[in-house]
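Student: Could we go through this one together? I would like to know what stands behind each label.

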Amino acid sequence: MFGKLFGRDAERPGADPHALPVPRRPKNGVYALRALGDARVLALVEAADAGDWEAVKEALVPFDLGRDHSVLGELADLDGVQDWIGRAVQEDKEHRATALLISGARHISWGWEARTSARAVNVTQEQWRVFHERLEIAEEQLLEAAELRPDWVTPWRRLLTSGRGMSLGPAVNETRRDAALRRDPLDLETHIEWVSQLQPRWSGEPGQALAFAREAFAGAPDGHRLGCVIAMAHIEEWVESDDRACLQHPRIRTELREAAERSILHHSYERRLGWQGDYNIFAMALSLAGSSKASNVFRELDGVFTEWPWTFMADPQKAYARFRKAF
């Protein structure tokens, strides 16, 4: 029914032969998305968790890790990958670029785990040392991966993150942004990373991120997921503001509603692997703005929760459930 409501005649995501079964849900009907909801990704994660490089390579066959940020993210966030991926980098010459990409991405996440999400003034000297040590490894590996595979966009997007963490400055980071966008001018993850880079907490100026997001989405075709950059720019403004109701302005509600309707709720939107992440971005932004359009997004998600971007809240899954119930 809801597919017809939003103009989609294609089969629902549940008809996907690779879709993982819906887990038993708690009372509130909310559950965290596992392995992007895909059995092939789950096989990849399980192989990586076991430290089985041969199985990892086999599981990667259906994916393009040089362009698929979501699949790479599953490996980057997996604890323990750092314990064995170095051997693959050294020993597997044929797949060295892939091993370097995975290792570099993991070292960035691992570095941030050491730093923690605390304010800079509360990070200890030892935490800073480990943070920078891991990011330096990531930088070296990702730059080599990018050199080996000049068509890949994912190394450049990850280098934006490490460059921000190491305070390499605007010239370096702008060069990396441009390198990513030359490879994919509409790459959502690169745009979202740049929206973060432009925040005042990273030495940006108020309003810069939203202006960047608006210009980027204006050039995107209808139904493109790049509309999420508008939602993320507003979420970032909420994060920066001391006013928890700062998004509850009619003009902002209208902009978010129109962005949703021209992107994720448009009949041309393609529900690719990890589409639930796009919907969660809009669910949070529309909820913070008090827009009734949030109900449409939550309805389509049917209780599926992704950590990002709800991690900006103290208890992400409870926040999702609370807003879902409210709309």
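Tutor: Gladly, starting with the cysteines: the count of disulfides, pairs of cysteine sulfur atoms within 2.5 Å, comes to 0. C228 is in none, as the nearest cysteine sulfur, in C246, is 19 Å away. This is a predicted model, where local features need pLDDT of at least 70, side-chain atom pairs count only at pLDDT 80 or more, and totals for chains, interfaces and linings use all residues. Residues are numbered from 1 along each chain as its sequence is written, and side-chain values use heavy atoms, with hydrogens and water left out.

Student: Why is C228 called buried?

Tutor: Buried means under 20% relative accessible area, exposed over 50%, and partly exposed in between (1.4 Å probe, protein chains only). C228 has 0%, so it counts as buried.

Student: And what makes C246 partly exposed?

Tutor: Its relative accessible area is 22%, so C246 falls in the class in between.

Student: How do you know how α11 and α12 run relative to each other?

Tutor: The axes of α11 (residues 208-218) and α12 (residues 228-240), lines fitted to C-alpha atoms over the stretch in contact, cross at roughly 170 degrees on a scale from 0 to 180 between N-to-C directions. Angles over 145 degrees count as roughly antiparallel, so that is the label for this pair.

Student: Why say that the buried residues of α11 line one face?

Tutor: They are A209, L210, F212, A213, A216 and F217. Seen down the axis of α11, they fall within an arc of 160 degrees (taken from the directions from the axis to the C-beta atoms), so they line one face. E215 and A218, on the other side of α11, are exposed.

Definitions and conventions:
Helices (H or I, at least four residues) and strands (E, at least two) are DSSP runs, numbered from the N terminus. Angles under 35 degrees count as roughly parallel, over 145 as roughly antiparallel, 65 to 115 as roughly perpendicular and the rest as oblique.
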